[in-house]
Amino acid sequence: MAQQRDSGFPGRDAIVAFIRAQSADVGTREIAREFGLKNADRVELKRILRELAADGTIAKRGKKIHQPAALPPTVMADITGRDSDGELIATPTEWDEEESGAAPKIRIHVPRRPQPGTAAGVGDRALLRVEKPDDSEGAAYRGRVIKVIDHARTRVLGIFRALPTGGGRLIPVDKKQAGRELNIANADTGGAQDGDLVSVDLVRSRGFGLASGKVKERLGSLASEKAVSLIAIHAHEIPQAFSPAALREAEAAKPATLAGREDWRDLPLVTIDPPDAKDHDDAVHAELDSDPNNKGGYIVHVAIADVAFYVRPGSALDRDALTRGNSVYFPDRVVPMLPERISNDLCSLVPGEPRGALAVRMVIGNDGRKRSHSFHRILMRSAAKLNYAQAQAAIDGRPDDTTGPLLDPILKPLYDAYAVVKRARDERDPLDLDIPERKILLKPDGTVDRVIVPERLDAHKLIEEFMILANVAAAEMLEKKTLPLIYRVHDEPTLEKVHNLQEFLKTLDLPFAKSGALRPSLFNRVLAQVKGHDSEPLVNEVVLRSQAQAEYSAENYGHFGLNLRRYAHFTSPIRRYADLIVHRALIRALGLGEGALPETETVETLSEVAAQISVTERRAMKAERETADRLIAHFLADRIGATFQGRISGVTRAGLFVKLSDTGADGLIPIRTLGTEYFNYDETRHALVGTRSGAMHRLGDVVDVRLVEAAPVAGALRFELLSEGQVAPRGRKREPGRDTSKTKAKAHPGRTPRKKIRKPGKSNSGKSRKGQSWKA
């Protein structure tokens with residue numbers, strides 16, 4: 001029976017139990033009705049709900065209340081303080097409060113004698129093993145420190161600006177610190193020159209005036225090439241230099257020989273990559289199956305660089321690779337996971353050179369389904385190095401000197417096999433979002449030349465499908481052998497996100513009737529209805545935002561976006577640590593020789609690795625996105641006052657975010673500049689709506705804007721809206737979850753803007769290299 005207060009008011013536990021028992025979100029009205037509360041009790045109820053949301057027991061989105069999202073068993077977290085009992089309190093490092101509500105609290109148990117490397121304090125970042133709280137224990141998770149990843153820092157990264165009188169100012173590169181300059185005394189400049197990227201230790205913080213700092217390290221100059229990506233590298237602490245021990249191991253490595261391998265050097269495998277690729281880690285080949293029982297079927301070979309042969313468990317190379325987690329790709333440079341001796345030489349499948357590889361041979365039926373597969377440790381010799389456009393041009397009737405001789409014996413069978421595989425892919429019906437991805441092309445001096453949207457060719461899709469087939473085969477083989485592995489998982493959307501999407505689609509008169517299990521095909525039917533219509537970009541964007549984020553896990557819960565029960569990353573061990581783990585597991589499972597996964601690796605230990613590399617992956621994505629923002633802000637800095645066409649890419653209470661059509665640059669239109677009337681934030685319609693005129697500015701609308709401010713160091717842009725809003729329908733019933741709080745637009749368009757730059761919205765763009773986008 002629910003606990004009651006003396007006054008008859010329901011206790012916190014009773015309220016929480018009611019919320020958790022509901023299949024959908026509830027509001028204060030439903031809670032009050034359940035417990036028979038009167039209007040006079042609403043103030044106390046709202047106070048209790050605020051407390052529950054603050055400590056993470058419940059989550060709030062607008063006026064709706066629901067259970068907070070659950071944490072995985074292993075999580076990276078930041079230690080933020082102590083509770084009243086002196087215990088350390090942490091919150092997850094990667095947590096989207098906008099999507100999932102307030103971050104859950106983790107109460108850390110600290111043993112009297114902590115193991116080496118686990119002594120944590122406030123401000124540290126640590127890898128934790130957490131347990132879900134029992135209802136009787138309150139809201140906080142219980143956790144213990146597995147390893148301290150980073151200790152608290154009092155250091156700020158920024159650009160040094162010299163003053164004529166000596167000393168200077170530090171302009172922080174972190175958008176959260178924008179406008180908070182530091183004073184650098186003449187004696188504390190450390191020889192920094194105007195425009196240098198520097199690391200500064202905080203000296204003191206005053207109640208009034210600027211805080212002071214002391215230059216600790218000069219990291220580079222903005223006047224030099226590649227300075228913009230250098231900001232992100234240091235801001236996110238992405239390791240650049242390999243340890244001396246790792247470099248010695250790399251230099252001492254010898255090329256793979258035929259010892260312990262099958263000889264596949266006569267099989268004409270080819271690599272198909274972007275034109276600027278330096279590491280060629282996968283090669284493909286296809287041929288008709290000669291088996292009369294598989295008429296019309298194909299044999300597909302996928303060979304992947306044998307990184308596990310060179311990077312052994314526990315070695316210096318292995319430790320450095322795990323710390324990095326993955327390679328990071330910037331427009332002007334690559335920060336590799338492995339030294340160039342390994343990534344660009346010994347493991348790069350260059351034409352004509354013998355290379356060690358781990359290969360999978362897959363038998364494909366004429367229905368496109370994989371009938372069987374087998375893994376082999378081989379010595380291969382690539383027949384050719386092609387790029388996507390080059391391979392596609394040959395198939396389209398425009399072969400060159402390289403592809404001409406390969407067209408009939410190699411390229412046509414590859415495309416024919418892809419046509420067969422595509423049948424099963426279409427039947428599987430994975431999530432089919434159409435989100436254009438832009439690429440920044442640079443001039444020799446490192447500045448932006450232009451921004452393009454590369455055409456998506458059948459050559460891209462061919463490689464993507466063959467890589468997916470190989471990844472599935474790897475997961476299936478390891479499950480069959482009952483070996484632990486790291487899966488690539490993608491959870492289905494939460495009930496809350498599905499409900500919000502349904503409410504949004506109602507405003508477009510688009511049905512989204514969910515019956516039975518949630519499947520990607522439900523979303524695809526919606527996307528098909530808007531294909532070619534003005535609302536297509538809007539619906540694609542909202543459907544994308546309804547999806548969960550893919551991650552790594554030692555426990556399998558499937559890949560929703562690809563509509564696959566089991567999936568692992570196997571095809572890029574040069575640039576992803578997860579793939580290296582899968583290679584080692586296959587070597588151990590099949591007895592393929594040296595470099596196998598140690599017997600000591602268990603589901604528990606791999607859970608820790610999965611949590612760590614999921615964080616490094618998100619770190620890389622954020623660094624890449626911020627670098628693109630800074631490059632574009634530099635590119636547009638001398639075009640203040642110019643007008644552009646764009647599309648509204650985000651709607652918040654702060655204003656509108658707009659993505660420019662030609663460059664993909666994101667910028668903010670503050671709500672105060674929209675006009676003289678009040679604007680309501682309509683969460684259901686993803687819009688700001690004027691209360692007097694009914695003018696509606698909605699996610700996905702095409703608009704004209706004027707650039708009024710650019711802050712290149714922070715990568716921030718601010719726009720002024722030139723387009724009129726649509727007229728919102730009058731008298732419609734207020735949608736569930738709609739926020740009707742009034743936000744006043746305090747200035748007319750054209751008013752001189754304030755100097756403060758707001759933080760641009762998050763980009764949802766992912767990488768499409770080798771077909772491994774957000775969904776893979």
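Trainee: What hand does the crossing of helix 13 and helix 14 have, and what decides it?

Mentor: The crossing is right-handed. A crossing gets that name if the near helix is turned clockwise from the far one by less than a right angle, and left-handed if anticlockwise. This is a predicted model, where local features need pLDDT of at least 70 and side-chain atom pairs 80 or more, while totals for chains, interfaces and linings use all residues. Numbering starts from 1 along each chain as its sequence is written, and side-chain values use heavy atoms, without hydrogens and water.

Trainee: How do the directions of helix 13 and helix 14 compare?

Mentor: Their axes (lines fitted to C-alpha atoms over the stretch in contact, with N-to-C angles from 0 to 180 degrees) cross at roughly 165° and come within 9 Å. Roughly antiparallel starts over 145 degrees, so helix 13 is roughly antiparallel to helix 14.

Trainee: Which residues of helix 13 and helix 14 meet?

Mentor: Phe523, Val526 and Leu527 meet Val539, Asn540 and Val543, where contact means heavy atoms within 4.5 Å. By class, five are nonpolar, one is polar and none is charged.

Trainee: What makes a set of residues a nonpolar core?

Mentor: Its members are buried Ala, Val, Leu, Ile, Met, Phe, Trp, Tyr or Cys, joined through side-chain atoms within 4.5 Å; buried means under 20% relative accessible area with a 1.4 Å probe, protein chains only. In the largest one, of 96 residues, Val302, Phe466 and Phe570 touch the most other members. Helix 11 contributes the most, with twelve residues. A second, separate core has 49 residues, including Leu510 and Val703.

Terms used
Buried means under 20% relative accessible area, exposed over 50%, partly exposed in between (1.4 Å probe, protein chains only). Helices (H or I, at least four residues) and strands (E, at least two) are DSSP runs, numbered from the N terminus. Angles under 35 degrees count as roughly parallel, over 145 as roughly antiparallel, 65 to 115 as roughly perpendicular and the rest as oblique. Ala, Val, Leu, Ile, Met, Phe, Trp, Tyr, Cys and Pro count as nonpolar, Asp, Glu, Lys and Arg as charged, and the others, Gly among them, as polar.
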